[in-house]
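Q: Please take a close look at the aromatic rings in this model and explain how they pair with one another.

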Amino acid sequence: MSIHYFANPTRFTRLAGRVQPWAAGLTVVLLLIGLYLALIEAPADYQQGDTVRIMFVHVPAAWMAMFCYSFLAVASAIALIWRHPLADLAAKASAPIGASFTFLALVTGSIWGKPMWGTWWVWDARLTSVLILFFLYLGYMALWEAIEDGQKAGKAAAVLALVGAVNVPIIKFSVDWWNTLHQPASVMRMDGPAIHPSMLWPLLIMALAFQTYFVTLLLARMRMELNLRRIRALRLAERTS
Amino acid sequence: MKIFLAIISRDMLLAVRQGGATFLALIFFLLTVTLFPLGIGPEPAILARVAPGVLWVAALLAAMLSLDRLFQADFEDGSLEQLTLSGLPLSLIVLAKIITHWLTTGLPLLLAAPVLAVLLNMNDEGFEALLLTMLIGTPALSLIGAIGAALTLTVRRGGVLLSLLVLPLYIPVLIFGVSAIDAAVHGLNAKPHLLLLAALTVAAIPLCPWAAAAAVKLSLE
């Protein structure tokens with residue numbers, strides 16, 4: 001089965017409609033288990049106390065922030081190279097989700113930082129590069145909005161996404177470099193003993209829940225986009241007939 | 001090659017004949033740098049400390065503001081389409097435009113930067129590094145900016161969008177540019193930073209015109 005099997009929007013919509021409830025249900029189940037383990041079962045950290053529980057939202061959100069950008073870049077590459085009609089839809093649909101995860105990671109990180117480091121924000125390498133990633137998402141979404149012709153907007157956004165994907169490692173490297181230059185002793189050190197299973201399991205389950213949540217939203221957004229296009233086509237047909 | 005040079009000389013001629021508009025970026029650069037002492041305060045020590053950063057941030061903004069000129073006029077009067085018929089690959093046409101952009105903004109910024117550095121009381125050791133980073137780094141600004149300019153070509157009032165697209169991509173240039181000067185000011189070796197900056201520019205030379213050409217092609221369809 002080639003990637004063109006689902007290039008047919010009807011076929012895709014049918015499959016997406018069937019998968020989506022399962023993904024949504026799985027998300028709910030995983031979230032319930034994950035939240036129970038994270039908030040009730042998992043022990044409080046011996047140093048951080050209960051604030052450590054922020055990690056169970058923060059870390060999966062940060063993982064998803066990066067995952068969504070990779071997804072976006074791969075989908076954009078597929079859209080540009082094979083002109084796959086659904087790939088640029090997938091890229092477009094994943095951008096706001098990724099931006100939301102990035103925002104969530106930034107906000108929860110900030111809330112976690114206040115009790116732990118005593119400040120809402122430090123210009124630490126990791127924080128700074130996540131903030132820049134957030135701006136990359138915003139630029140991508142703004143470009144989609146700005147160009148009226150959907151086809152052209154898709155291609156332009158795909159070019160931008162690939163340029164961004166080449167730049168993400170460079171930005172990450174340069175920010176790390178800048179950080180080691182400007183603040184030698186960082187307040188945050190995540191090393192310490194390897195994470196204990198009682199914390200690792202809730203974390204992994206939460207990460208999985210975020211992943212299925214992403215799939216649910218992605219399918220919903222892609223179906224919405226397809227329906228919007230259909231409505232537009234119908235309107236045009238009505239006007240011309 | 002002949003066509004390539006012809007495009008550059010035509011664009012340069014246009015820029016010189018237009019006069020004022022060409023050097024607006026330079027005036028913007030001077031004005032922004034002037035704002036910093038007014039905002040931060042005139043203490044020489046503080047100004048000397050922030051001088052490399054201020055100069056680079058201002059140069060970045062000045063280069064970015066002049067980007068919309070890169071293709072806009074030629075796109076509107078149709079000469080960009082004419083140029084694509086010249087037989088020269090679009091990426092080379094784009095490269096010619098980028099070179100002109102650097103000659104009309106990057107080069108003036110480079111020449112003005114030392115004067116402003118004196119006004120900001122920058123440490124003497126930093127001047128060589130300042131000139132070198134500007135010489136190596138400003139071409140990267142024109143190259144990366146060309147992608148943004150090409151992508152926003154068909155967008156009406158694309159200026160704000162352009163800054164949103166381009167500024168995150170400028171961050172590595174800013175970081176290596178400023179750290180090279182900082183290193184030189186503190187008597188450290190500026191060479192690693194300069195080499196990294198050069199690596200950025202060298203990598204941008206083949207990649208950026210290619211990506212920008214792909215974007216220009218979209219708006220010509």
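A: A residue counts as partly exposed when its relative accessible area lies between the limits for buried, under 20%, and exposed, over 50%. F67(A) has a relative accessibility of 30%, so this residue is partly exposed. The model is a predicted one.

Over all chains, the structure holds 10 aromatic pairs. One of them is formed by F67(A) and F71(A), whose ring centres are 6.4 Å apart. Planes under 30 degrees apart would count as stacked and planes over 60 as edge-to-face; the planes of F67(A) and F71(A) stand at 35°, and therefore the pair is tilted. Both residues belong to helix 2 (residues 55-82) of chain A, where they are 4 residues apart, which means that about one helical turn separates them. F71(A), with a relative accessibility of 25%, also counts as partly exposed.

A further pair involves F173(A) and F176(B). Their ring centres lie 6.2 Å apart, and because their planes meet at 45°, this pair is tilted. F173(A) is located in helix 5 (residues 150-182) of chain A, whereas F176(B) is located in helix 8 (residues 159-185) of chain B, so the pair joins two chains. F173(A) is partly exposed, at 40% relative accessibility, while F176(B) is buried, with a relative accessible area of 1%.

Finally, F67(A) and F71(A) also take part in a cluster: together with F214(A), they form one aromatic cluster.

Notes
Residues are numbered from 1 along each chain as its sequence is written. Chains are lettered from A and ligands numbered from 1 in the order in which they are written. This is a predicted model: local features need pLDDT of at least 70, side-chain atom pairs count only at pLDDT 80 or more; totals for chains, interfaces and linings use all residues. Side-chain values use heavy atoms; hydrogens and water are left out. Rings of Phe, Tyr and Trp (its six-membered ring) pair if their centres lie within 6.5 Å; planes under 30 degrees apart count as stacked, over 60 as edge-to-face and the rest as tilted. Buried means under 20% relative accessible area, exposed over 50%, partly exposed in between (1.4 Å probe, protein chains only).
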